[in-house]
Amino acid sequence: MPLYTNQHLKIYNSLSGEKENFNPIHEGNVGMYVCGPTVYSNVHLGNVRTFMSFDVIFRYFLHLDYKVRYVRNITDVGHIVDDVDEGEDKIAKKARLEQLEPMEVVQRYTVDFHDILKSFNFLPPSIEPTATGHIIEQIEIIKKIIDTGIGYEANGSVYFDVVKYNETNNYGVLSGRNIEDMLANTRDLDGQSDKRNPQDFALWKKAEPEHIMRWPSPWSDGFPGWHLECTAMSTKYLGNHFDIHGGGMDLKFPHHECEIAQNEACTGQSPVNYWMHANMLTLNGKKMAKSTGNNILPGEILSGDNTILSKAFSASVTRFFMLQAHYRSILDFSDDAIVAAEKGYKRLMEAVDALPTISVSTTSSIDIASWKQLCYDAMNDDFNTPILIAQLFEAVRYINLLKEGKETISAEDLALFTAAVNAFVFDVLGLNDDKAADANNDKLEGVVNMLIGMRNQARADKNFALSDQIRDQLIALGIQLKDGKEGTSFSI
Ligand code: AMP
Ligand code: ZN
């Protein structure tokens, strides 16, 4: 029987403001869409936190034996600087500043994004669609919204009439904002804009002559508004009504509010059952952001190359640090906090490594089944990773008592215990055992040093064909030998 049948998951739904029982639309299946990065610069550790929150959510659904279609897009057009409609596309701006083709910018930072997620042990999503690959779908949605009278064209651009929409729907249903307050608190448009109301948002923008990223449409050569891409890609791959939509807390308004409005206008139904928002990673108490420079890059954590860091930290330690906070809580990054996380991570891994050395008895003095259910209870309670980690430290305590002979465990329970610890630590939290990786590095070092010794011997024997062969084959494997006064060293 699939695990989800006897685990009762609750999810905090931003739409209702409550924890709700998770009931998927199609039994045994989960459709989940998460807003991906805008690929105009390197992702920072804050972005990594949001994607990690959803990586663990994805992992837990898989662990519960759900069949998951996880769609996470790449925003490669249409995200305007400062997220307002008047301005320059972030990717086009970067391309102009660096004298690159916009697609060179997109390629560079998409590769960077993938490399980083891989080094932090993320599972790849099931589908990773791009906004530029779905222009036709976006144009079709705009046509439908115009047909309802809620979309209107002005000077080659198309806008969404928020006031008209709000006559029959609730613009503000997700963010709790009230349209009258929004209108009262907005500056006059000074006749500068083609919009009917200041709150209206762009579905399509006519491109200025110098704008490189442009596509033909019934209204103008132009480009789609930012909110539209997620409506197009989520419904294309998950249907007009799907289970989960996620993103960072800062996307709730306007991005997700506008997505709901677009879907409602286009299909007459609210698209998503559970809206999930991950909270921010802060630095010095302020949100990490690309634009303000208040951020740390993932590579800096791994190399220690940032003045606020006392040393380098591994990807698993960083993951452990992040998952010690619940995904809906703000987490402040500091060197002290990640140093403390490293200690906790090492204590956990030492205990995990000691599991195979535990001796078994005829009976168990520990109730493993109850402990295991407490781990599930933690994750079933809106993916509460800090409580799960607390339960894993309870397991560490058991392991130490078992090692000291102060508790006993049967062979059957030890197998259950080992499988559960490994499942939660490696499959659900997505941690890696750095010691295992270090051990492999030690082995690699041993093998290369052995080859260096053989090459030295070949050179002493004047067998230069062999010594060159060893050097060249190592180079082909990406290992460079360096001969110096102190002997030969190598770099990978
Ligand atoms: P962006 O590329 O700016 O669209 O951001 C990608 C994702 O990272 C979005 O879901 C954002 O909400 C999220 N994000 C941005 N800054 C932070 C932060 N400081 N902490 C956590 N998530 C963030
Ligand atoms: Zn989105």
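1. Two residues are taken to be in contact if their C-beta atoms, placed from the backbone, lie within 7 Å. In that sense Ile141, Lys144 and Ile145 of helix 4 meet Gln262, Ala265 and Cys266 of helix 8. By class, this contact has 4 nonpolar, 1 polar and 1 charged residues; Ala, Val, Leu, Ile, Met, Phe, Trp, Tyr, Cys and Pro count as nonpolar, Asp, Glu, Lys and Arg as charged, and the others, Gly among them, as polar.

2. The model is predicted: local features need pLDDT of at least 70, side-chain atom pairs count only at pLDDT 80 or more, and totals for chains, interfaces and linings use all residues. Residues are numbered from 1 along each chain as its sequence is written, while chains are lettered from A and ligands numbered from 1 in the order in which they are written.

3. Helices (H or I, at least four residues) and strands (E, at least two) are DSSP runs, numbered from the N terminus. The axes of helix 4 (residues 135-147) and helix 8 (residues 252-267) come within 8 Å and cross at roughly 70°; axes are lines fitted to C-alpha atoms, for helices over the stretch in contact, and angles run from 0 to 180 degrees between N-to-C directions. Helix 4 is therefore roughly perpendicular to helix 8 (under 35 degrees is roughly parallel, over 145 roughly antiparallel, 65 to 115 roughly perpendicular, the rest oblique).

4. An open sheet of 4 strands has the order 4-3-9-10, with parallel pairing; strands pair if DSSP finds at least two bridges between them. Strand 4 (67-72) and strand 10 (272-278) each have a single partner strand, so one side of each is left without a neighbour in the sheet. Neighbouring strands are turned by 20° against each other on average, direction ignored. Helix 1 (residues 45-63) packs on this sheet, touching strand 3, strand 4, strand 9 and strand 10, and its direction makes about 165° with that of strand 4.

5. Within that sheet, strand 3 (residues 29-34) and strand 9 (residues 242-248) pair over 3 bridges. Val34 stands opposite Gly246 in strand 9.

6. A further open sheet of 4 strands runs 5-6-7-8 with antiparallel pairing. Strand 5 (151-154) and strand 8 (222-224) are its edge strands. Strand 5 is joined to strand 6 (residues 157-160) by 4 bridges, and Glu153 stands opposite Val158.

7. Strand 14 and strand 15 form a hairpin with 2 residues between them. They run antiparallel, joined by 5 bridges, and Lys482 has Ser489 as its bridge partner.
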